[in-house]
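Take a look at the structure below.

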Amino acid sequence: MGTYRDACNAGNFVVSGEIGPPKGTNVTNMLHHIDLLKDLVDGLNVTDNQSAVMRLGSLAVSGEIVRRGGDPIFQATCRDRNRLGLQSDLLSAAFLGITNVLCLTGDHPSVGDHKQAKSVFDFDSVHLIQCCKKMNEGHDWEGNELDGATDFYVGAVVTPEADPLEPQMYKFARKVEAGADFFQTQAVYDMDNFQRFMEQAREITTGTEVKIMAGLVVLTGVGMAKYMNRAVPGIFVPDALLDELGAVAKEDQMKKGMEIAARHIRFLRDNEVCDGVHVMAIGKEEIVPEILQMANAPA
Amino acid sequence: MIISQKKPFEEILEDLEGDTKIVIIGCGECATATRTGGEPEVAEMKAQLEEEGKEVVFTDVVHTGCHELDVKRVLRQNKQVVAEADAFLVLSCGAGTQACRAATDKHVVPGCDPLFLGNIQRSMDFLEKCSHCGACVIDDYGAICPITRCAKGLVNGPCGGTNHGMCEVDPEMPCAWTLIHEQLKKEGREDKRTKLHEPKDWNVVRRPAAIVERGPGKLKMGSEE
């Protein structure tokens, strides 16, 4: 497969998956997921100490995906590194052949497994986007010349179900202004809401080449869906989906969740609502190929 | 106002292990207002220590606990009794404790945990609104400081953790970015919301900071003296 950037630039409906590095040195399962997905998707996100839980690093795993012939999307958060650390890791990423960077704020340490850690947030996600762009132009943040520029395709995130939405949209606009090339959204489940969000987003991105990919987290059961509603800010699973999941036996709910994800992919693609999807199965990546197959099958 | 809270008594006792004769110093400013190092707290601490077999040889609530000359003067005026002491227990913020440090070479023990620079909303109700970041930027934010009041100190808008207008990190705390946007709307200064802000310049608050010359804004790296 070509690169994530090529797929975006070609105007394809792009599909990315996600790899969550393990907590430890046992990479067997992760490598299996990488090999399973790398040729089925346009790009593979690698999470960066996701949920502020310490894990194997995004940079090393992204490098491994390059080595295996996939195209990684290196997630970089502003939580753990100051502007020196971030830029150094960006140069390391370039050195490893990584070209896609997803710039995130990062969850606060207090939600993770090292609650006593000092958080950094020297840059915010907007600065990190700007920084990637500067490095692409051959300069570091301070304007010092680099001996060799980077060539990053720069991504960012946005939360369509944020409450209130208005401040979120202003930040989205700052990210566009900073030069983000693509966006992956926080998980969305309400397609009507998402269409309304996309209308607002398209107004902001008018005149740019910015691509917007809907984030889809596969629902694995009613319990998980309710938990997301209750505990994850900016995620809204509508009652209709809860009912749909609840209407089948517990052991069939994951299958139903996969069907819902496939249906949403089809809907977003066939109605040209957005430019692609980012499919997250959170540790259950082996179900992703089937979801993609279901999404590609005629409805 | 510097907001502090009392350390657990057991921790203080542990720190004072081996010390018999104790001086207790309180502070007439912040620690009095926060009820952590005023007259009643000093008296209570004296009683508690005596119950544990310590001998409290002197107590005083210094007018301004972080005023080093103030603390030195009090100790000098009572130098005979102070000379007997094994340790000084200071009920104030860390600045007050270190003002005592500057006034004696003996064992100095903190009796409070300094928490934050707080606004007094009403009696015993404090909220952190400023964190001394060195260059005030709040005009762009409706005079609501994102450096302090956003859990991540974000300067260009909210993260994804805004939860129905509250902060994911502390569900009791409003999201600073919701407050900022609402305030700018009230003022009719919505244009401020479209400004792209640079990261903070942390070089202006290199620690330890000192103003070593009299005059406005002369921040320099420097030692205590």
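**One lysine in chain B**

Lys129(B) is partly exposed, because it has 17 other C-beta atoms within 10 Å, and a residue needs 20 or more to be buried and 12 or fewer to be exposed. The model is a predicted one. Lys129(B) sits in the loop between β7 and α7 (146–149) of chain B. Which residues does Lys129(B) touch, not counting residues up to four places away in sequence? They are Asn119(B), Cys145(B), Thr148(B) and Arg149(B). Cys93(B) is 36 residues away from Lys129(B) in sequence. In space, the two are 18 Å apart, C-alpha to C-alpha.

Strands of a sheet pair through backbone hydrogen bonds, either parallel or antiparallel.

β1(B) pairs with strand β6 (residues 112–122) of chain B through 5 bridges, in the antiparallel sense. One residue pair shows this pairing: Lys6(B) has Cys112(B) as its bridge partner in β6(B).

**A buried strand**

Now turn to strand β2 (residues 21–27) of chain B. Of its 7 residues, 6 are buried, so β2(B) is largely enclosed by the rest of the structure. β2(B) pairs with strand β3 (residues 55–62) of chain B over 7 bridges, in the parallel sense. Within that pairing, Ile24(B) has Thr59(B) as its bridge partner in β3(B). β2(B) also runs parallel to strand β4 (residues 87–91) of chain B, joined by 5 bridges. Here the bridge partner of Gly26(B) is Leu91(B).

**Two domains in chain B**

Chain B is divided into domain 1 (2–115) and domain 2 (137–225). How far apart are the C-alpha centres of these domains? They lie 34 Å apart.

**Where the chains meet**

The contact between the chains takes 24 residues from chain B and 28 residues from chain A. On the chain B side, β8 (162–163) and α8 (176–187) each supply at least two residues. The largest share of that side comes from α8(B), with 3 residues. By class, the side of chain B that touches chain A has 9 nonpolar, 12 polar and 3 charged residues.

**Nonpolar cores**

The largest nonpolar core has 101 residues. Which of them touch the most other members? They are Val101(A), Cys103(A), Cys132(A) and Leu216(A). Take Cys132(A) from this group. Leaving aside its neighbours within four places in sequence, Cys132(A) is in contact with Leu90(A), Val101(A), Cys103(A), Phe152(A) and Val154(A).

**Backbone details**

| Cis peptide bond | Omega |
|---|---|
| Asp163(A) and Pro164(A) | about 0° |
| Arg207(B) and Pro208(B) | about -5° |

Pro164(A) is in the loop between β5 (153–158) and α6 (166–178) of chain A. Pro208(B) is in the loop between α8 and β10 (209–210) of chain B.

Next come two residues with positive phi. Asn49(A) has phi near 45°, a positive value in a residue other than glycine. Its place is the loop between β2 (43–46) and α3 (58–67) of chain A. Glu272(A), also not a glycine, has a positive phi near 50°. Glu272(A) lies in the loop between α10 (253–270) and β8 (276–280) of chain A.

Glu272(A) is exposed, because it has 9 other C-beta atoms within 10 Å.

Note on methods: Residues numbered from 1 in each chain as written. Chains lettered and ligands numbered in written order. Predicted model: local features only at pLDDT ≥ 70, side-chain atom pairs only at ≥ 80, totals over all residues. Helix = DSSP H or I, 4+ residues; strand = E, 2+ residues; numbered from the N terminus. Pairing = 2+ DSSP bridges. Contact = placed C-beta atoms within 7 Å. Nonpolar A, V, L, I, M, F, W, Y, C, P; charged D, E, K, R; others polar. Core = buried A, V, L, I, M, F, W, Y, C linked by C-beta atoms within 7 Å. Domains from an automatic or database assignment.
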